[in-house]
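Me: I have a structure to study. Can you show me how to read it, feature by feature?

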Amino acid sequence: MSGGVIGLLTDFGTKDYYVSAMKAVILRIAPDVRIIDISHDVEKWNIVQGAFILWQTVPFFPDSAVIVGVVDPGVGGRRKPIIIKGRKHYFVGPDNGLLSLAAEKEGIEKVFEIKNERYMLKRSGTFDGRDVFSPIAAYIAKGVSPEEIGPEIKEYSKISLPKPRYVGNKLELEVIHVDHFGNIITNVPVDSFMRWRGNSNFFELEIGLRKFKLSLARSYESAITKIFLIPGSSGLIEISMNRASASRALSIRPGFRLFLRKLP
Amino acid sequence: MSGGVIGLLTDFGTKDYYVSAMKAVILRIAPDVRIIDISHDVEKWNIVQGAFILWQTVPFFPDSAVIVGVVDPGVGGRRKPIIIKGRKHYFVGPDNGLLSLAAEKEGIEKVFEIKNERYMLKRSGTFDGRDVFSPIAAYIAKGVSPEEIGPEIKEYSKISLPKPRYVGNKLELEVIHVDHFGNIITNVPVDSFMRWRGNSNFFELEIGLRKFKLSLARSYESAITKIFLIPGSSGLIEISMNRASASRALSIRPGFRLFLRKLP
Amino acid sequence: MSGGVIGLLTDFGTKDYYVSAMKAVILRIAPDVRIIDISHDVEKWNIVQGAFILWQTVPFFPDSAVIVGVVDPGVGGRRKPIIIKGRKHYFVGPDNGLLSLAAEKEGIEKVFEIKNERYMLKRSGTFDGRDVFSPIAAYIAKGVSPEEIGPEIKEYSKISLPKPRYVGNKLELEVIHVDHFGNIITNVPVDSFMRWRGNSNFFELEIGLRKFKLSLARSYESAITKIFLIPGSSGLIEISMNRASASRALSIRPGFRLFLRKLP
């Protein structure tokens, strides 16, 4: 009875008519589809941030959901509009890496270039989100096969997250996201961190010339240091505070490189 | 034909993937449920503000709707995840008082502790909104009975709004919310205010050492003083201005204690 | 199978319970209707901005969709609540011009004053969005005819966008919107601009005493001047930059009057 699910991620904000035009176009074509806003508050033109958010949330979407991502500074230029058919979901958006992280996480089956104008609105040139990606997503949700929309392609843009480096007692890591609460999400997977730490419960965090002693906490309220490490719901190690912003306290932003050292 | 309604209130903001992960989990379990965002812009960790917003909006929800509230600084700690079965709606969230105001307004039938892991995702420890409350809400919307999810409990956390005090000619009141327009929502119910005021149409507002003359207005544009009292859509007396922020003009925030005196 | 579409535009923001109360009221009456948020971040009390956003997005809505607009500083006063039956959509809101631009774009068939209290909640006086416009929209989506809700009226408020003036080599224009990215949306339709420009590809922009040389670009990344003109997805000429805010760079806001001169 249900008509499928479409998830939308953009950097459009919510004050203009852009997001609603996309939704209107979708419901016009696929009146029974369910739309989930992933986020429209991705930092303007920040493809990596958008890719990270998709990477986190797409695994929770129902199978066969269509994910539309539009962080698209190259709109109207040479970058291709594409469809990625992953093992579980479809991804629709510009070929600039935005979709690649989430798609590779589940496994990519095929990639298609969007070509068939029968499934688009007349293109304005500056708003493919409305004119191309939304109608394409709606048609896919209705069962149109990607093969009908354009040819398979073998080359497409990829983004990769920086990998942490374990060097004996020291761990070099990078900040990949700071969330609404000021939690600092690192690139260190919880599993591999747990293996590395052995029996250590305390760590020294090095940020440039500054050093901080952190404990490993299990919950925000039970931590025994003011700033602490915590296994995040992201599957990644986070640096957090209880009811306060670790990002503000440490003056840390995405892209910062940090070091952790096990304390005896 | 309709598959039920779930309302969501959190302090998660909308820039991260958190809210969309909750919605994805819900639609995966209950594909036909309708989701209404109540607000995701509750001030971080502000349980009282969240409770007030639920108290205002839940009465308008369809019967049997499931209300999920997640303002949850104690996540991962000892506070229990609970279900409140009210006379008209179900409430799902942490046992920290967030749900209690709205639930008591309609009458509480039973309270349950969420225990049965069959109805949860694997818990990450820091995101019960996604791992516990969303799937539980989806299963309740699908007809699973709370009895199956956990045992009834008798003790649970409550919040109460401060009560106004009428002392003859004087009324002591408190600010409980300031809205988007800068309207100052007080804890004074319209009905009891109307009985107290008698024939008075003018009042002196006392804020610390400052004093202001206010009229009682029926609409924003017809008020005859610049700052005025108005019976709010909240059922509470509000202090407002026409096309301007009373909160900014008076430098008033939630929690402020004020006095009103009837003028002859 | 689908139960109709309702679009919502307000200046309510998203931190309070206002928007969710409207949605709850709608789903209570029309459980199968689909709700699209157009925007709730219209500048407070800015009727013209709201009218512009509706004007842009409504044409993309499915036929027979009901558009609810609430930017309503006159709530509780003498302005009438109205229904506009356009050629393609219904419009519900205050009679202050907010709905008129979008409705006139598609053609107005009839206008009705909302009178029949059978289709309203008990009016609080300060929140017609919840008490009047939402239930009326839900009943219209369910098939209740406007004739049953109130009498036809002949007079209603209109807004019009300022028109550009072409004076030979010079074009006088006005800024009607600045979007999330800082794109400056002018009142110059792409078609008439293209006729006026002839073969010119470069233009001098005059803002008070300041002058800038702009090219006409086809996409953000291919522009050959830093600030450029581009045919917008709005159907209007926009002044833009690549990955930067033209509005901030030029210190331009809605309402500014500008001049363009063709360069040889």
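What follows is a short walk through strands, helices and chain copies.

Reply: Keep in mind that this is a predicted model.

Me: Is strand 5 of chain A buried or exposed?

Reply: Start with the general idea. In a regular strand, side chains alternate between the two faces of the sheet. Now the case here. Strand 5 covers residues 90–94 of chain A, and 5 of its 5 residues are buried, so the strand is largely enclosed by the rest of the structure.

Me: Which way does strand 3 of chain A run relative to strand 5 of chain A?

Reply: Parallel, with 3 bridges joining the two. Strand 3 spans residues 66–70. Look for V68(A), which stands opposite V92(A) in strand 5.

Me: And how many bridges join strand 4 of chain A to strand 5 of chain A?

Reply: There are 5, and these strands run antiparallel. Strand 4 holds residues 81–86. P81(A) has P94(A) as its bridge partner. Strands 4 and 5 of chain A form a hairpin, with 3 residues between them.

Me: How do I describe helix 1 and helix 4 of chain A?

Reply: Two packed helices are described by the angle and the distance between their axes. Here the axes come within 8 Å and cross at roughly 35°. The crossing is right-handed. Residues that meet include V25(A) and I29(A) from helix 1, and P135(A) and Y139(A) from helix 4. By class, this contact has 8 nonpolar, 2 polar and 1 charged residues.

Methods. Residues numbered from 1 in each chain as written. Chains lettered and ligands numbered in written order. Predicted model: local features only at pLDDT ≥ 70, side-chain atom pairs only at ≥ 80, totals over all residues. Heavy atoms only, no water. Buried < 20%, exposed > 50% of the residue type's maximum accessible area, 1.4 Å probe, protein only. Helix = DSSP H or I, 4+ residues; strand = E, 2+ residues; numbered from the N terminus. Pairing = 2+ DSSP bridges. Axes fitted to C-alpha atoms, helices over the stretch in contact; angles between N-to-C directions. Left-handed = near helix turned anticlockwise from the far one by under 90°. Contact = heavy atoms within 4.5 Å. Nonpolar A, V, L, I, M, F, W, Y, C, P; charged D, E, K, R; others polar.
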